[in-house]
Amino acid sequence: MASGVDQAVGMGLVGFSLLLFIYYTLWVIVLPFVDSDHVIHGYFLPREYSVILPGIAALLLVLFVGMFIVVVMWKNRKPKKTQ
Amino acid sequence: MTKLAEWLSGLTLLGVLWAAVTFDLLGLDPPEAVLQVSRPLPVFLLVALGCFSLGTVGYRVATFNDCQPAAAELQAQIREAKTDLQSKGLRF
């Protein structure tokens, strides 16, 4: 069996992704069919953000991956060998 | 048909269906609520895929079958191999 910390982190990820999925599904799929004066609308941002926020997250992810590659390649540069 | 061609045809078909609903290309005049769901649908599916991937990774990390004795044995074998090779002249 995986160690304690591994299990905690793993299950934490599962829980987080589940919460995120449920919130996002409610926001995008369910809310348009709910009356606009219902209480639940107060718990969700305006609908534009349901596209903008994932867009920003994707941008940050690409930036992060790019920076990681730059850092790793920079660390591994070797001076040219002389004959 | 190659897998790539299969995936591309499937995606294209779904894309055409989505565009037909979202941009009202067939004169169907969908109700406003349907349009409000249909417009962000590609982003929604991407986010859903991301959540599924994250959850799967987390689940696999939590249920990984660690073998502590085997790991210790492997480390010992690596050390043994290193000293053996170094004695035979291999530089690390």
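The lining of the largest pocket holds 17 nonpolar residues, two polar residues and no charged ones. Here Ala, Val, Leu, Ile, Met, Phe, Trp, Tyr, Cys and Pro count as nonpolar; Asp, Glu, Lys and Arg count as charged; the others, Gly among them, count as polar. The model is predicted, so local features need pLDDT of at least 70 and side-chain atom pairs count only at pLDDT 80 or more, while totals for chains, interfaces and linings use all residues. Residues are numbered from 1 along each chain as its sequence is written, chains are lettered from A and ligands numbered from 1 in the order in which they are written, and side-chain values use heavy atoms, with hydrogens and water left out.

A pocket is an open set of points on a 1 Å grid over the protein atoms alone, where a 1.4 Å probe fits, with protein on both sides within 12 Å along at least five of seven lines; lining residues have an atom within 4 Å of a point. Grid points are joined across faces, edges and corners, and the volume is the space filled by probe spheres set on the points. The lining of the largest pocket comprises 19 residues. Nearest its centre lie Leu20(A), Pro54(A), Ala57(A), Leu46(B) and Val47(B). Two or more lining residues come from each of α1 (4–30) and α2 (49–75) of chain A and α3 (41–62) of chain B. Helices (H or I, at least four residues) and strands (E, at least two) are DSSP runs, numbered from the N terminus.

The second largest pocket has a volume of about 320 Å³. Its lining includes Leu11(B), Leu14(B), Gly15(B), Leu17(B) and Trp18(B). Leu41(B), Pro42(B), Leu45(B), Leu46(B) and Leu49(B) also line the second largest pocket. Helices α1 (3–22) and α3 of chain B each give at least two residues to this lining. Nine of the lining residues are nonpolar, one is polar and none is charged.

Side-chain pairs were then searched. Side chains of opposite charge can pair when their charged atoms come close. Two salt bridges were found over all chains. A salt bridge is a side-chain nitrogen of Lys or Arg within 4 Å of a carboxyl oxygen of Asp or Glu. One joins Glu6(B) to Lys3(B), with the closest N and O atoms 3.3 Å apart. These two residues sit three residues apart in helix α1 of chain B, so about one helical turn separates them. Glu6(B) is partly exposed, at 38% relative accessibility, and Lys3(B) is exposed, at 57%. Buried means under 20% relative accessible area, exposed over 50%, and partly exposed in between (1.4 Å probe, protein chains only). Another salt bridge links Asp84(B) and Lys88(B), at 3.4 Å from N to O. Asp84(B) is partly exposed, at 36%. Lys88(B) is exposed, at 65%.

The whole structure contains zero disulfides (a disulfide being a pair of cysteine sulfur atoms within 2.5 Å). Cys51(B) is buried, with a relative accessible area of 6%. Cys67(B) is partly exposed, at 45%.

Chain A has two helices and zero strands. Its radius of gyration is 21 Å, well over the 12 Å that the globule rule gives for 83 residues, so chain A is more spread out than a compact globule. The radius of gyration is taken over C-alpha atoms, and the globule rule is 2.2 Å times the number of residues to the power 0.38. Along the principal axes, the C-alpha atoms of chain A fill a box of roughly 80 × 40 × 15 Å. Of the 83 residues in chain A, 14% are buried. His38(A) lies in the loop between α1 and α2 of chain A and is partly exposed, at 46%. Gly66(A) lies in helix α2 of chain A and is partly exposed, at 30%.

Chain B has four helices and zero strands. Its radius of gyration is 27 Å, well over the 12 Å that the globule rule gives for 92 residues, so chain B is also more spread out than a compact globule. The C-alpha trace of chain B spans about 80 × 30 × 20 Å along its principal axes. Of the 92 residues in chain B, 16% are buried.
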